Amino acid sequence: METIEYAHLNKINPDIIIDARSPAEFSHSHIVNAQNFYALSDAEHKEIGTIYKQLSKHHAKVLGASYICKNASKHLLELEKILKAGSKICIYCARGGLRSSSLGSILEQVGFRVWKIQNGYKAYRNYVINLIEEKPKIDFITLFGNTGCGKTRLIKALHPSIDLEALANHQGSTFGLIHGSQPSMKTFQNKLAHTLEGIQKHSLCFIEGESRKIGTITLPKALHEKMRQGISVEIVSSMEYRVGRIVEEYKHISDDFFFSCMQRLKPYMAKLVRDEIIKKYQEKNLKDVAFLLLKNYYDRVYKKPSKIDHRVRFDDDLQKSLKELEDIRECI
């Protein structure tokens, strides 16, 4: 079985990347697009580690090998359904050790072409950190604007672009967790590195002007600084359309979610205003809820950048606004 550095993975263009670590390790963070075919389950991994450290290294290896063979017998049948003979497989574990070597050897013996990622996930993480901490070579067109102006919708429609809120699974506000919990910091970094890899051939990229913190996620300093130095475009939109977008996006939130967010806003809003917003919510008047939140909180805390190079209006004509942004890029 050959070894390969992660940075050279595109040279072989694998059909699948297999993460041979335990499900818990995989769940916390993994190489983007990898699939988990574990050598040892969570319980087995813990058991073997304890035996190896406290009882007998030899017995740990023997028992571990028996577990790997048992798990491999199940994985082989699953892999046969999705891969043909001769398919190219890249496999890794924590440090490129016994788990990936053992499972990789079995896969190789049954007719797959297998490469082991050198030094495993640890080496991949070093690659990710080096990539995201260096100053991006690409220049940015950075979209700013008040909450509800439609920046995220524009970012999703533009190419190339980096959707930081999607990577962080957070809308960048007090009500930002509408899509569930955020990924671990490592998972965010891995996805960001994967996105940066995908845009390296371009000279310009659209991005939203986020603060350095998006919920619990912290953006790399070099990326944030480069983003702030980019061509600044302010997206403007009428209050009517901003309210409409907010209502559409948040119309299915639960009562518990709404009231927990309002509790966090308590120090930043007058009691009379907060009570009025809650009253409107209980009356299911979401338009007034959105209007009052925008007027009395979000617009007050929004910090407009000191430098604005262009302004683009985005009300109801998405294609017109996209065309204006594309024209700005073409003129740079």
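What is the order of the open sheet of five strands with parallel pairing that includes β7 and β12? I noted the order as β7-β8-β6-β11-β12.

**Entry: basis.** I am working with a predicted model, in which local features need pLDDT of at least 70 and side-chain atom pairs count only at pLDDT 80 or more, while totals for chains, interfaces and linings use all residues. Residues are numbered from 1 along each chain as its sequence is written, and side-chain values use heavy atoms, with hydrogens and water left out. Helices (H or I, at least four residues) and strands (E, at least two) are DSSP runs, numbered from the N terminus.

**Entry: domains.** I looked up the domain assignment of the protein chain, which gives domain 1 (2–129) and domain 2 (136–331). Such bounds come from an automatic or database domain assignment. The C-alpha centres of domain 1 and domain 2 lie 38 Å apart. Twelve residues from domain 1 and nine residues from domain 2 take part in the contact, where contact means heavy atoms within 4.5 Å.

Entry: Strand β11 (residues 231–236) pairs with β12 in the parallel sense over four bridges. I found R313 in β12 as the bridge partner of V236. Helix α9 (residues 221–228) packs on this sheet and touches β6 (139–144) and β8 (204–208). The direction of α9 makes about 75° with that of β6. For such angles, axes are lines fitted to C-alpha atoms, for helices over the stretch in contact, and the angles run from 0 to 180 degrees between N-to-C directions.

**Entry: the sheet with β1 and β3.** I then looked up another open sheet of five strands, with the order β1-β5-β4-β2-β3 and parallel pairing. Here β1 (2–4) and β3 (35–36) are the edge strands, each pairing on one side only. β1 and strand β5 (residues 113–117) run parallel and are joined by three bridges. E2 stands opposite W115 in β5.

**Entry: two backbone details.** I checked the peptide bond between H159 and P160, which is cis, with omega about -5°. P160 sits in the loop between α6 (151–157) and β7 (161–162). N13 is not a glycine, yet has a positive phi of about 50°. I placed N13 in the loop between β1 and β2 (16–19).

**Entry: α10 and α13.** Helix α10 (residues 239–250) packs against helix α13 (residues 286–301) at an angle of about 110°, with their axes 9 Å apart. That makes α10 roughly perpendicular to α13. I use the cut-offs under 35 degrees for roughly parallel, over 145 for roughly antiparallel, 65 to 115 for roughly perpendicular, and oblique for the rest. The crossing is right-handed; a crossing is left-handed if the near helix is turned anticlockwise from the far one by less than a right angle, and right-handed if clockwise. M239, R242, V243, I246 and V247 of α10 make the contact with L286, K287, A290, F291, L294 and D299 of α13. I noted eight nonpolar, no polar and three charged residues in this contact. Ala, Val, Leu, Ile, Met, Phe, Trp, Tyr, Cys and Pro count as nonpolar, Asp, Glu, Lys and Arg as charged, and the others, Gly among them, as polar.

**Entry: α12 and α13.** Helix α12 (residues 271–282) packs with α13 at an angle of about 160°, their axes 8 Å apart. The two helices α12 and α13 are therefore roughly antiparallel to each other. Their crossing is left-handed. On the α12 side I listed V273, E276, I277, K280 and Y281, which meet L286, D288, V289, L292, L293 and N296 in α13. By class, the residues of this contact are seven nonpolar, one polar and three charged.

**Entry: α11 and α12.** D255, F258, F259 and M262 of α11 make the contact with R274, I277, I278, Y281 and Q282 of α12. This contact has six nonpolar, one polar and two charged residues.

How values were computed:
Pairing = 2+ DSSP bridges.
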